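Please open the structure in a viewer and keep its sequence at hand. The stops below are meant to be selected one after another.

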Amino acid sequence: MIWVILAAGVVLTLRRGGEASRAAARPWAVTALLSGGVLLAGAQASVVRANLDRADWHQASQPTPWLVATLVATVAAGAAGWLVTTRGQATAAPVPPEHREGPILRIPEGQRLVWFSRTINPWLQALAALMGLVAVAAVIALVSGLADSGPLWALFAPFAFASIAVAGCAAVQARVSERGLEVAFGPLGWPVRRWAAADIESARTEHRTPAQVGGWGYRLSGLGTTVMLRSGECLVIRTRGKRKEFAVSVDDAERGAALLNALGSTQSG
């Protein structure tokens with residue numbers, strides 16, 4: 001039943017978009033359905049196997065090998081679904097020139113311009129804080145000896161990792177200067193991805209939604225890489241010699257794209 005609900009949610013999400021949106025969202029949809037099905041089936045099999053031939057549920061031991069095998073199979077199924085559905089998209093025709101061209105800003109002679117924009121997703125920040133509190137509570141219980149160390153470490157590790165990962169995708173800041181484009185993640189502005197202006201073939205703006213790119217945060221889809229913190233205008237760049245694009249959802253993206261195109265044409269010229 002859980003898998004049916006997951007499948008219904010995926011189908012409804014795909015039907016809301018157009019043909020281009022469905023094509024871009026198909027890889028993550030297949031990945032979610034495959035990995036979700038394997039995870040749920042493996043978890044059910046692990047529970048049944050642990051309780052088989054037991055007179056009382058207290059006699060059941062934790063099926064650690066089965067759980068590990070289930071997680072490995074889940075990752076493998078998701079990876080296989082992603083590879084199969086994206087292989088055909090990787091050989092798709094390049095974007096026509098009229099779509100690759102973006103706005104160009106006129107830079108006055110002798111002047112240097114810098115563009116900066118920042119976006120924060122408060123819901124992702126709240127989720128990261130909640131998972132961080134769970135990890136902190138596990139550490140406190142571990143230090144004070146309130147429970148066995150084994151279950152506490154199993155609780156602390158995934159929640160601490162998830163809290164750091166979500167916090168890193170909850171805020172993003174983009175900066176365009178003579179050095180090119182810099183995109184910094186998280187509240188501390190680290191890690192940072194950089195592209196030299198001469199390496200950027202084109203920059204433009206595009207309206208994107210989470211349904212198109214497969215959700216929130218740092219997403220990989222048929223459209224390339226998208227840092228999705230909110231629906232709407234995104235700064236999209238295409239680097240020279242690569243088919244995939246990079247997009248980040250920030251405000252005033254058109255001005256950033258115009259400055260990037262101006263800097264790229266100046267340095268390449």
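**Cysteines**

A search of the whole structure finds zero disulfides, a disulfide being a pair of cysteine sulfur atoms within 2.5 Å. The model is a predicted one, in which local features need pLDDT of at least 70 and side-chain atom pairs count only at pLDDT 80 or more, while totals for chains, interfaces and linings use all residues. Residues are numbered from 1 along each chain as its sequence is written, and side-chain values use heavy atoms, with hydrogens and water left out.

Select cysteine 169, which is partly exposed, with a relative accessible area of 22%. Cysteine 234, in contrast, is buried at 0%. Here buried means under 20% relative accessible area, exposed means over 50%, and partly exposed lies in between, with a 1.4 Å probe and protein chains only.

**The four-stranded sheet**

Next, display strands E1 to E4, which form an open sheet in the order E1-E2-E3-E4 with antiparallel pairing. Its edge strands are E1 (115–120) and E4 (192–195), each pairing on one side only. Neighbouring strands of this sheet are turned by 10 degrees against each other on average, direction ignored; the axes are lines fitted to C-alpha atoms, for helices over the stretch in contact, and angles run from 0 to 180 degrees between N-to-C directions. Strands (E, at least two residues) and helices (H or I, at least four) are DSSP runs, numbered from the N terminus. Two strands pair if DSSP finds at least two bridges between them.

Zoom in on E1 and E2 (171–177), whose antiparallel pairing has six bridges. There, serine 117 stands opposite alanine 174 in E2.

Then move to the loop between strand E3 (180–185) and E4, where proline 191 lies. A cis peptide bond joins tryptophan 190 to proline 191, with omega about 5 degrees.

**The five-stranded sheet**

The next selection is an open sheet of five strands in the order E5-E8-E9-E7-E6, with mixed pairing. E5 (200–208) and E6 (217–221) are the edge strands, each pairing on one side only. From one strand to the next, the twist averages 20 degrees. E5 and E8 pair in the antiparallel sense over eight bridges.

Glycine 224 is found in strand E7 and counts as buried at 6% relative accessibility. Leaving aside neighbours within four places in sequence, glycine 224 is in contact (heavy atoms within 4.5 Å) with Arg219, Lys244 and Glu245.

**Arginine 230**

Select arginine 230 in the loop between strand E7 (224–228) and strand E8 (232–239). Which backbone oxygens lie 2.8 Å from a polar atom of the side chain of arginine 230? One belongs to glutamate 233, and another to valine 250. Not counting residues up to four places away in sequence, arginine 230 touches Thr119, Trp216, Ser249, Val250 and Asp251.

**Two aspartates with positive phi**

Most residues other than glycine have a negative phi. Aspartate 53 has a positive phi, near 65 degrees, and lies in the loop between helix H2 (19–51) and helix H3 (64–90). At 73% relative accessibility, aspartate 53 counts as exposed.

Finish at aspartate 252, in the loop between strand E9 (245–248) and helix H8 (253–268). Its phi is also positive, near 55 degrees, and aspartate 252 counts as partly exposed at 35% relative accessibility.

Notes: Polar contact = N/O pair within 3.5 Å; in protein donor to acceptor, adjacent residues only side chain to side chain.
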